[in-house]
Amino acid sequence: MSDPLRVLLLGGTTDAAALGRQLDRDPRVAVTTSLAGRTRSPAPLPGKTRNGGFGGVSGLASYLRSEGIDLLIDATHPYADRISHNAATACAATDTPRLHLLRPAWQETEGDRWIRVADRTAAARRLESLGRRFFLSLGRQDLGAFVGLSDYWFLIRMIDPPDPDQALPTGEVVLGRGPFDQENEMDLLRQHKIDAVITKNSGGDATYAKIAAARELDLPVIVIDRPTPPVGESVTSAGATLAWLERHLATNAIATQDDR
Ligand code: NAP
């Protein structure tokens, strides 16, 4: 049998964790999952993991070379576009095949009242006509645009409690990690008399319930559009990712036979 293919899985999402579990069971693959280190106690992951940035494109390229990485799978969050672009550039520089697993975006459906905006600054500019009380369902790094907007009150959902020195928008923090369900989300919105929801278009099932809850309660949702992903091979499912991997495993097996 040939040596296992070394796969670097850029993670931080539920899709990446599920894929990591599948890959970890495959003896033809040696997978390392890389996390940004944003979450203090991430859900347990199988196999080898590493934490924290690589140090930009050059750091990632050095890592790919020094660890002898054969393939890179980018299964990061659709809004984590810096690491995705870095991965594209570093893989091109080191000739490492790369696949982007990008879960499909949510689509607006009948009854939704979406207001699509380009970024969080544009989101903050749209509040005035919508009310006073907002449910902020964004990442810790995204909250800055809403700090100091003293005319508004925010219900801020976070995975981890905020650092004591983090500036927060005026309001209340509620801690929670998906998956969330629609009934609970509706209760939360009602209880806090929320006028509108502010969210990214993360896609997937785990955090969709707030969208369905807002639809049911006839509330507007400010949806921050996704950044543009890097050019290159891209799929939307774990199945398609595994098919891509199989093609590389087959090529690797042929190359190993030829070497004998
Ligand atoms: P980012 O802006 O793409 O990345 C910033 C830097 O963090 C990268 O340049 C890289 O540092 C490091 N990094 C990011 N992901 C990494 C990974 N998987 N392994 C190693 N290093 C990684 O991403 P972000 O700052 O994490 O988040 C941007 C947006 O995505 C936010 O809106 C956030 O809420 C959302 N998001 C991210 C994650 C996540 O796990 N990253 C999860 C959920 C939501 P170096 O340049 O030093 O390599």
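User: What makes the six strands β3-β2-β1-β4-β5-β12 a sheet, and why is the sheet called open?

Analyst: In this predicted model, residues are numbered from 1 along each chain as its sequence is written, and local features need pLDDT of at least 70, side-chain atom pairs count only at pLDDT 80 or more, while totals for chains, interfaces and linings use all residues. Side-chain values use heavy atoms, with hydrogens and water left out. Strands are DSSP runs of E with at least two residues, helices are runs of H or I with at least four, and both are numbered from the N terminus. Two strands pair if DSSP finds at least two bridges between them. The six strands form an open sheet with parallel pairing; its edge strands, β3 (48–51) and β12 (234–235), each pair on one side only.

User: How do you know that β1 and β4 pair?

Analyst: Strand β1 (residues 5–10) and strand β4 (residues 71–74) share four bridges in the parallel sense, and the criterion is at least two, so the two strands count as paired. Within this pair, leucine 10 stands opposite aspartate 74 in β4.

User: What makes helix α1 a helix that packs on the sheet?

Analyst: Helix α1 (residues 14–24) touches β1, β2 (29–35), β4 and β5 (98–101), contact meaning heavy atoms within 4.5 Å. Its direction makes about 165 degrees with that of β1; axes are lines fitted to C-alpha atoms, for helices over the stretch in contact, and angles run from 0 to 180 degrees between N-to-C directions. Helix α3 (residues 81–94) also packs on the sheet, touching β1, β4 and β5, with about 160 degrees between its direction and that of β5.

User: Which element gives the largest share of the shell around the ligand?

Analyst: Helix α3 does, with four residues. In total, 24 residues surround the ligand, a residue being near if one of its heavy atoms lies within 4 Å.
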